[in-house]
Amino acid sequence: MSDDPSPSIIDRETDTELPGLTLDFDLRDGGLGDAGHLAAVIGPAVVAALRASAPKVAAPMDLSVIVTGAEESRTLNREYRDRDKPTNVLSFPATDPDELDDAFRFALAGGPPAMLGDLVLCVPVVLQEAHLQGKPADHHVAHLCVHGVLHLMGHDHIEDTQAEEMEALEREILAGMGIPDPYLADANMDEDDD
């Protein structure tokens, strides 16, 4: 994703709750915890979002999560979204959402894993938002991972109807994880995630 020369910790593991899923963790900013802690927060959120939104969850699939600082987030947000500021989460689909069903079928037939894409979490923004919204940072990380995975699966919130459907699905997924409605805490905040 980036040519950032900063040291990074990469942890590649297969999630046992979704045997076909391989998560790549690239921890470039440790402000949210170490790789083990983040895997315990991010893994279940990604799995829950995929179970709720992926058409073929048994298919081999790959997803990367990059945990980074404000400067890299700002650079990516500026480069890909024309917004010159860091943001909480960015989603970069590797496969067009309209072609995911074919990618899953191909993977199930013995082809390469379906490449879902990358999520980029920005530590300073995540911590600031969690503090302002009065919620645990881990809950906010889980919400942003669910939100990002839904984008990778083709969900969006450009139109009001889309936003309502996506937020309802996020609430349902997070409730299943024991996480309260994230939109109650941030009703007064501007959302700028993708």
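**A chat about loops, rings and charges**

Visitor: Where does Asp-82 lie?

Guide: Asp-82 sits in the loop between helix 2 and strand 4, where helices (H or I, at least four residues) and strands (E, at least two) are DSSP runs, numbered from the N terminus. This is a predicted model, in which local features need pLDDT of at least 70 and side-chain atom pairs count only at pLDDT 80 or more, while totals for chains, interfaces and linings use all residues. Residues are numbered from 1 along each chain as its sequence is written, and side-chain values use heavy atoms, with hydrogens and water left out.

Visitor: What about the phi of Asp-82?

Guide: Asp-82 has a positive phi of about 55 degrees, although it is not a glycine. Most residues other than glycine have a negative phi.

Visitor: Is Asp-82 buried or exposed?

Guide: Asp-82 is exposed, with a relative accessible area of 72%; buried means under 20% relative accessible area, exposed over 50%, and partly exposed in between (1.4 Å probe, protein chains only).

Visitor: And how many of the residues are buried, as a percentage?

Guide: Of the 194 residues in the protein chain, 48% are buried.

Visitor: Switching topic, how many aromatic pairs are there?

Guide: The structure holds 1 aromatic pair. The ring centres of Tyr-80 and Phe-92 are 5.0 Å apart and the planes are at 70 degrees, so the pair is edge-to-face. For this, rings of Phe, Tyr and Trp (its six-membered ring) pair if their centres lie within 6.5 Å, with planes under 30 degrees apart counted as stacked, over 60 as edge-to-face and the rest as tilted.

Visitor: Which elements do Tyr-80 and Phe-92 lie in?

Guide: Tyr-80 belongs to helix 2 (residues 70-81) and Phe-92 to strand 4 (residues 89-93), so the pair ties together parts that are 12 residues apart in sequence. Tyr-80 counts as partly exposed at 48% relative accessibility, whereas Phe-92 is buried at 14%.

Visitor: How many helices and strands are in the chain?

Guide: The protein chain has 7 helices and 5 strands, and from the N terminus on its elements run β-β-α-β-α-β-α-β-α-α-α-α.

Visitor: Where is Glu-167, then?

Guide: Glu-167 lies in helix 6 (residues 160-176) and is partly exposed, with a relative accessible area of 22%. Glu-167 and Pro-182 are 15 residues apart in sequence and 9.1 Å apart in space, C-alpha to C-alpha.

Visitor: Where is Glu-159?

Guide: Glu-159 is in the loop between helix 5 (137-152) and helix 6.
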